[in-house]
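Let's take a walk through this one, going from contact to contact. Have the sequence and the 3D view open as you read.

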Amino acid sequence: MLQGKSQIKACLNVIVQDTLSFICHFLSCSFQFVPRNGNRVANAIAKFALSLDSPLTWQGNFPSWVHREVTFDVSSLH
């Protein structure tokens with residue numbers, strides 16, 4: 001949808017349009033489809049964020065569960 005290769009679903013229209021409006025602020029920007037089995041870390045972080053009752057800032061190292069999800073994602077794409 002961001003690359004204009006498929007029709008924008010109505011429920012995602014605002015997100016797609018907002019994203020496209022921000023790309024002019026970058027010197028370079030590209031988008032690439034990532035299959036579901038390579039996207040576990042994004043899903044885990046989104047679920048974690050939705051479970052929070054207040055804002056959270058990670059300082060220093062990120063949680064070990066993020067590292068595990070990244071490792072899984074990378075290994076599943078090879």
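Predicted model: local features only at pLDDT ≥ 70, side-chain atom pairs only at ≥ 80, totals over all residues.

Residues are numbered from 1 along each chain as its sequence is written, and side-chain values use heavy atoms, with hydrogens and water left out.

Let's begin with charge. How many salt bridges does a search of the whole structure find? It finds 1, a salt bridge being a side-chain nitrogen of Lys or Arg within 4 Å of a carboxyl oxygen of Asp or Glu. The partners are E69 and R40, with their closest N and O atoms 2.9 Å apart. This pair ties together distant parts of the chain, as E69 sits in helix α3 and R40 in helix α2, 29 residues apart. Helices here are DSSP runs of H or I with at least four residues, numbered from the N terminus. The side chains of E69 and R40 are also joined by a polar contact of 2.9 Å. For that term, a pair of N or O atoms must lie within 3.5 Å; within protein, one must be able to donate a hydrogen and the other to accept it, and residues adjacent in sequence count only if both atoms are side-chain atoms.

Are these two residues buried or exposed? E69 has a relative accessible area of 17%, so it is buried, while R40 counts as partly exposed because its relative accessibility is 36%. The scale is simple: buried means under 20% relative accessible area, exposed over 50%, and partly exposed in between, with a 1.4 Å probe and protein chains only.

R40 has another neighbour to look at: it lies over the face of F72, at 3.8 Å from the ring centre. A charge sits over a ring if NZ of Lys or CZ of Arg is within 6 Å of the ring centre and within 35 degrees of the ring normal.

Now for the rings themselves. The structure holds 3 aromatic pairs. In one of them, F48 and W65 have ring centres 5.2 Å apart and planes at 50°, so the pair counts as tilted. F48 is in helix α2 and W65 in helix α3, 17 residues apart, which makes this another link between distant parts of the chain. By definition, rings of Phe, Tyr and Trp (its six-membered ring) pair if their centres lie within 6.5 Å; planes under 30 degrees apart are stacked, over 60 edge-to-face, and the rest tilted. At 26% relative accessibility, F48 is partly exposed, and W65 is partly exposed at 22%. Together with W58, F48 and W65 form one aromatic cluster.

F62 belongs to the loop between α2 (40-51) and α3 (64-76), and is partly exposed at 46% relative accessibility.

Finally, two distances. I8, in the segment before α1 (13-22), is 50 residues from W58 in sequence and 34 Å from W58 in space, C-alpha to C-alpha. V66 in helix α3 is buried at 7% relative accessibility, and its C-alpha atom is separated by 22 Å from that of F31, 35 residues apart along the chain.

Methods: Helix = DSSP H or I, 4+ residues; strand = E, 2+ residues; numbered from the N terminus.
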